[in-house]
Amino acid sequence: MTDLKGKIDFVALVSVDNANPNGDPLNGNRPRESTDGLGEMSDVCIKRKIRNRLQDMGEKIFVQSDDRCDDGYDSLRTRAENCEELKAEIGKGKKADKDVCSQIACRTWTDVRMFGQVFAFKGSDVSLGIRGPVSIHQAVSVSPIDIISMQITKSVNSESKEGRASDTMGAKHRICHGLYILKGSVNVQLAEKTGFSQADAEKLKEALRTLFENDASSARPEGSMEVSRLYWWQHDEKTPAVSTAKIHRSVKVTPVSERPKSFEDYSVELVLPEGCAEPEVY
């Protein structure tokens with residue numbers, strides 16, 4: 001593993017067709033939208049997908065979803081306690097060295113090294129927070145989204161109910177089309193603390209490039225979501241002369257039709273600020 005060469009910025013353009021990119025559980029699982037009608041994907045949703053892709057690559061992940069658990073541990077506490085090295089240090093109680101605990105956790109789990117993690121379990125004398133170098137914005141659509149709701153019925157009972165019909169009403173929600181802009185960066189100073197390396201950066205890039213592989217569900221059928229374009233800036237400096245905000249704004253996306261229906265209905269232009277490095281484009 002080698003140290004990170006320099007700061008990294010990235011922008012991904014995510015196309016969604018007839019799918020629910022990120023349902024809101026407090027709103028009947030309808031696709032998230034802002035007060036302006038723009039579609040949204042939370043940073044938590046995006047990080048979950050990145051973790052899943054890293055897991056597919058064979059990386060050790062601390063925050064695993066139940067349906068993707070690959071180590072047999074049913075909670076974060078159990079997973080942490082079964083790391084012998086970490087357990088031994090935490091077992092020292094108030095004498096435990098939090099820096100050593102952080103180093104062990106970052107060395108063991110890729111997502112901790114990448115996004116950070118809070119370790120605070122009931123009954124434990126040791127609690128620590130690790131700040132990760134990778135920051136992800138919530139993704140927002142370029143144009144307002146049209147949400148389509150479809151009424152559905154379930155034609156079988158979960159349990160025996162004599163004298164009652166099996167049909168149960170429900171609803172599914174999707175958007176016809178949306179192009180979401182996903183932004184993020186990697187901070188070198190924090191990467192040095194967690195041990196996030198250049199090799200880890202390459203894994204993150206591959207995870208972003210293939211973000212929706214092996215991610216199909218009833219709400220997101222295979223092929224309904226894809227990363228249409230990825231811009232990846234690898235800087236040589238820890239703190240480049242051009243700010244992350246200016247770099248993110250350099251990707252200008254404009255609809256070329258009143259109601260865009262595909263990625264081809266947008267004009268995508270890269271207008272780099274003076275002194276900015278050229279990005280890799282996928």
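Tutor: A disulfide here is a pair of cysteine sulfur atoms within 2.5 Å. This is a predicted model, where local features need pLDDT of at least 70, side-chain atom pairs count only at pLDDT 80 or more, and totals for chains, interfaces and linings use all residues. Residues are numbered from 1 along each chain as its sequence is written, and side-chain values use heavy atoms, with hydrogens and water left out.

Student: OK, how many disulfides by this rule?

Tutor: The count comes to 0.

Student: What about C176?

Tutor: The closest cysteine sulfur to that of C176 is in C45, 20 Å off, again too far for a bond. C176 is partly exposed, at 34%.

Student: Switching to helices: at what angle do α1 and α7 cross?

Tutor: Roughly 110°, with the axes of α1 (residues 43–56) and α7 (residues 198–209) coming within 9 Å. That makes α1 roughly perpendicular to α7, a label for angles of 65 to 115 degrees.

Student: Which residues meet there?

Tutor: I50, R53 and L54 in α1 meet K203, L204, A207 and L208 in α7, where contact means heavy atoms within 4.5 Å. They divide into 5 nonpolar, no polar and 2 charged.

Conventions. Axes are lines fitted to C-alpha atoms, for helices over the stretch in contact, and angles run from 0 to 180 degrees between N-to-C directions. Helices (H or I, at least four residues) and strands (E, at least two) are DSSP runs, numbered from the N terminus. Angles under 35 degrees count as roughly parallel, over 145 as roughly antiparallel, 65 to 115 as roughly perpendicular and the rest as oblique. Ala, Val, Leu, Ile, Met, Phe, Trp, Tyr, Cys and Pro count as nonpolar, Asp, Glu, Lys and Arg as charged, and the others, Gly among them, as polar. Buried means under 20% relative accessible area, exposed over 50%, partly exposed in between (1.4 Å probe, protein chains only).
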